[in-house]
Amino acid sequence: MDNKLNEIRRKIRFLRAEMLGAEDNIRKQVNRDEDCSEAAVHLMSMRVVMLGLIGERNRLGGEERLLNVDERLKLDVRAAGRKPANGAPMRFPAKAGPGPDPGWGAVGVRKTRPIKHPEPRSDSIGTEKARVRRER
């Protein structure tokens, strides 16, 4: 029974994705002023199949109740699991993201502060500037 229900849910999920693609295709055709009647008829036939699958899912007991806006606002899903039960400190979940490339290493940049009172330079290029600053 559960296998049949899961199979129907998988078909519904796949059909929804296919329907979204068909709707996107229709929008593109409308924007280009093309005839989209064939794609629209195909979308309507997918909706008929979807209604049949939903009816069969509900008949097998897999009906999913949809909440209205008030019920969704009252349902505080973030409150569950917010505080750890054993008194451990609260931790934020790690963000999933792409890692560094395996062939590249981190580049460490050494940050330096400018010297407030520079010593006179021994070369002829910076000597004049250093003397002027020192005389002030």
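Predicted model: local features only at pLDDT ≥ 70, side-chain atom pairs only at ≥ 80, totals over all residues.
I find 30 residues in α1 and a reach of 43 Å from its first C-alpha to its last, close to the 44 Å expected at 1.5 Å a residue.

Next I listed the buried positions of α1. They are Leu-5, Ile-8, Ile-12, Leu-15, Met-19, Ala-22, Ile-26 and Gln-29. I then looked up what these buried residues pack against, and the partner is α2.

After the end of α1 I checked the backbone. Asp-33 follows the helix, and its phi is positive, near 60°.

Then I turned to the helix pair. Two packed helices are described by the angle between their axes and the distance between the axes. I noted α1 as residues 2-31 and α2 as residues 37-59; their axes come within 10 Å and cross at roughly 160°. Angles over 145 degrees count as roughly antiparallel, and α1 and α2 are therefore roughly antiparallel to each other. I recorded the hand of the α1 and α2 crossing as left-handed. Sorting the residues of the contact of α1 with α2, I get 15 nonpolar, 2 polar and 9 charged.

My last entry is on one side chain. Is Arg-57 buried or exposed? Arg-57 sits in helix α2. Its relative accessible area is 8%, and buried means under 20%, so I log Arg-57 as buried. I also looked up its contacts, leaving aside neighbours within four places in sequence. Arg-57 touches Leu-5, Ile-8, Arg-9 and Ile-12, and also Gly-62, Glu-63 and Glu-64.

Technical notes: Residues numbered from 1 in each chain as written. Heavy atoms only, no water. Axes fitted to C-alpha atoms, helices over the stretch in contact; angles between N-to-C directions. Helix = DSSP H or I, 4+ residues; strand = E, 2+ residues; numbered from the N terminus. Parallel < 35°, antiparallel > 145°, perpendicular 65-115°, else oblique. Left-handed = near helix turned anticlockwise from the far one by under 90°. Nonpolar A, V, L, I, M, F, W, Y, C, P; charged D, E, K, R; others polar. Expected span 1.5 Å × (residues − 1). Buried < 20%, exposed > 50% of the residue type's maximum accessible area, 1.4 Å probe, protein only. Contact = heavy atoms within 4.5 Å.
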